[in-house]
Amino acid sequence: MHRTAEQADWENAEVLEEMMRCPSQLLRSGEVLTELTNVPNALGDFGNSYADDTLTETGAYTSDWLGGPHPYVWEQTRIGPFTIAVSGKGAKGWSLTDLFDRLRDPHTSMRGGLRRAIERDTRAGAGSPSVSESTVTNGSSR
């Protein structure tokens, strides 16, 4: 969690800058990501009706153990000052579509849990309203 939605936006900006500077990244010894590309989407862009901002990173994953290159995907979602992320690394026979399919349910589940927590905390007076509060609590889009 960030103190403000603006701080969470800066996290996304830093991820984009890092990818532009380094389209290949060493995860750990023997694991590397290459051909990285990022696609940001604000609320209302390209079917994004569920978050203030989303960031999807795709590329190729290669490891000493699994070989490769195999598909790689990482998705980060911002709702108000909160960010959540899921990622997947493929293996032989996996496609990028397979990874997106596998990540859909956990990502949706985390977003739903976050929305419920924000709604509960906002109603209890414990949370601070965010720019996205109406989207989060009412499910409406801007």
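E35 is exposed, with a relative accessible area of 59% (exposed means over 50%, buried under 20% and partly exposed in between, using a 1.4 Å probe and protein chains only). The place of E35 is in strand 2, residues 31–42, and its phi is near 55 degrees, a positive value in a residue other than glycine. The model is predicted, so local features need pLDDT of at least 70 and side-chain atom pairs count only at pLDDT 80 or more, while totals for chains, interfaces and linings use all residues. Residues are numbered from 1 along each chain as its sequence is written, and side-chain values use heavy atoms, with hydrogens and water left out.

**Backbone angles to look for**

- Most residues other than glycine have a negative phi, and most peptide bonds are trans.
- F46 is another residue other than glycine with a positive phi, near 45 degrees.
- You will find F46 in the loop between strand 2 and strand 3 (53–63); helices (H or I, at least four residues) and strands (E, at least two) are DSSP runs, numbered from the N terminus.
- F46 counts as exposed because its relative accessibility is 79%.
- G68 and P69 are joined by a cis peptide bond with omega at about 10 degrees, and P69 belongs to strand 4.

**The largest pocket**

- Rolling a probe the size of a water molecule over the atoms shows where empty space is left.
- A pocket is an open set of points on a 1 Å grid over the protein atoms alone, where a 1.4 Å probe fits, with protein on both sides within 12 Å along at least five of seven lines.
- The largest pocket has a volume of about 170 Å³, where volume is the space filled by probe spheres set on the points, joined across faces, edges and corners.
- Its lining residues (those with an atom within 4 Å of a point) include V15, E18, Q25, Y72 and W74.
- At least two lining residues come from each of helix 1 (5–21), strand 1 (25–28), strand 4 (67–79) and strand 5 (82–89).
- The lining divides into five nonpolar, two polar and three charged residues (Ala, Val, Leu, Ile, Met, Phe, Trp, Tyr, Cys and Pro are nonpolar, Asp, Glu, Lys and Arg charged, and the others, Gly among them, polar).

**A closer look at Q25**

- Q25 lies in strand 1 and counts as buried because its relative accessibility is 16%.
- Not counting residues up to four places away in sequence, Q25 touches E18, M19, E31, V32, L33 and L36, where contact means heavy atoms within 4.5 Å.
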